[in-house]
Amino acid sequence: MSRRGDAPDAASDVVIVGGGASGLSLAQHLTATASTTVTLVEPPDGPRRPPERTWCYWDGGAGDFDEAVAASWSRLRIHGADGDRITVDPSPLRYRMLRSTAFERLAYSRLDGSPGARVLRATADTVGDTADGAEVRCTAPDGRTLTLRARHVFDSRPLPALPPARTQLLQHFRGWFVRTDTDRFDPEVADLMDFRVPQPRHGLAFGYVLPLAPDRALVEYTEFSRTPLTTTAYEAALGHYCREILELGAFTVESAEQGVIPMTDARFPRRAGSAVFRIGTAGGATRPATGYTFAAVQRQSRAIAAALRDGRALVPRPHGRRALAMDAVLLRALDTGRIDGPGFFTGLFRRVPPERLLRFLDGDTSPREEWGIGLRTPIGPMLRTAVEVPFLPRRTHPAPRIGESRR
């Protein structure tokens, strides 16, 4: 690395800006063979680095990140607002949980073993096209200016503002990692949505429980609504859920996490220049109707790596057009209150085979399967909304502070 303040650093085939789930995933896929040189730019330790986060997804069989999986569950449970329980087995799929620290440790070990990979601790200041590719200007921890040049740059940093949308809700939550004095959890069953919590006037709310052991779990309170809560309000909701609904008895909160995820039908640009591309949430990888991101990031990363190996530069859509169209209708129906959120999601899990439903939520179903699922939703309100959505204007909404936790 050059020691002169404004001298260009050695060029790479690819520079990736940001080392969260999307940046690290793409770096691993690109360096799986020795044909691509990659520089991953990560912020140095300090306030720019996010706290530890939790990512969840489902898949079947062995996965790329099994070494880092903190826990997984073979059964999922939904609690209706009336207390009715629905327990499903989505075999061969399992619901898996990753902690960002373990994922990063695995990613770094793989990158360390690749001769074409390099991790640079620096703050990315500007990203732009050049005559023969793109460059990233960075500030090193000691204050030096570094210029990184590459044929392609993939930027995973959050957008300064979200694109205009017809509907924008927020999935916002706070979770406690709790330890109970006695065994209170079934490590084989994850509570995906528990609607027994008090419902807000607008949107919906649910509890979320991922057991890690008979006496340990991640317990979260989540809302789909327009505005995040204060930390005090989240704490009160979590306390009520743990004590009055779960009836955990005596417990200790070992750590906490909090996040905000956009649920929007905005059109996210995947290209920011001729040789600059956006990935991850900034590139539209977050599923609008659920907030799940991690699985889409893996699909996107594999597709980018395959395209570059074939001599093409592209970032494919993280989600198909049909999935995005259906999500736009659901978001509008939830936002207008035309459908009851708890009843809608509870009904899907009650009426749709679980493996098919999870594939649907992941955008991996056929038109025939989607038609069948649609017939199991409130048809009148959904059709009315589907007719209305194409004529709604897209408006700019305030940008939330986007978190990567949970999904």
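**View 1. An open sheet of 7 strands with mixed pairing, in the order 6-5-13-14-15-12-16.** In this predicted model, the edges of the sheet are formed by strand 6 (85–88) and strand 16 (251–264), and because each has a single partner strand, one side of each is left without a neighbour in the sheet. On average, and with direction ignored, neighbouring strands of this sheet are turned by 15° against each other. Helix 5 (residues 321–336) packs on the sheet, where it touches strand 12 (168–180), strand 14 and strand 16, and its direction makes about 80° with that of strand 12. Helix 6 (residues 341–351) lies across strand 5 (75–79), strand 6, strand 13 (189–194), strand 14 and strand 15, and runs at about 40° to strand 6.

**View 2. The antiparallel pairing of strand 14 with strand 15.** Strand 14 (residues 204–213) and strand 15 (residues 216–225) are joined by 9 bridges. Within this pairing, Val209 stands opposite Val219 in strand 15.

**View 3. The hairpin of strand 5 and strand 6.** These two strands run antiparallel and are joined by 4 bridges, and among the paired residues are His79 and its bridge partner in strand 6, Arg85. There are 5 residues between the two strands, and in the turn Gly83 has a positive phi of about 95°. In a regular strand the side chains alternate between the two faces of the sheet.

**View 4. Aromatic rings, with the pair of Phe195 and Phe206 as an example.** A search of the whole structure finds 16 aromatic pairs. A pair of aromatic rings is described by the distance of the centres and the angle of the planes. For Phe195 and Phe206 the ring centres are 5.9 Å apart and the planes stand at 70°, so the pair is edge-to-face. Because Phe195 lies in the loop between strand 13 and strand 14, whereas Phe206 lies in strand 14, the pair ties together parts that are 11 residues apart in sequence. Both Phe195 and Phe206 are buried. Elsewhere, ring pairs link Trp55, Tyr57, Phe65, Phe103 and Phe294 into a cluster.

**View 5. The right-handed crossing of helix 1 and helix 4.** Two packed helices are described by the angle between their axes and the distance between the axes. The axes of helix 1 (residues 21–30) and helix 4 (residues 294–309) come within 9 Å and cross at roughly 35°. Helix 1 contributes Ala21, Ser22, Ser25, Leu26, His29 and Leu30 to the contact, and the residues from helix 4 include Phe294, Val297, Ile304 and Leu308. The residues of this contact divide into 8 nonpolar, 5 polar and 2 charged.

View 6. Not counting residues up to four places away in sequence, Leu93 touches Trp58, Asp59, Gly60, Glu355, Leu358 and Arg359. The C-alpha atoms of Leu93 and Leu26, which are 67 residues apart along the chain, are separated by 24 Å.

Notes. Residues numbered from 1 in each chain as written. Heavy atoms only, no water. Contact = heavy atoms within 4.5 Å. Axes fitted to C-alpha atoms, helices over the stretch in contact; angles between N-to-C directions. Left-handed = near helix turned anticlockwise from the far one by under 90°. Nonpolar A, V, L, I, M, F, W, Y, C, P; charged D, E, K, R; others polar. Pairing = 2+ DSSP bridges. Phe/Tyr/Trp six-rings, centres within 6.5 Å; stacked < 30°, edge-to-face > 60°. Buried < 20%, exposed > 50% of the residue type's maximum accessible area, 1.4 Å probe, protein only.
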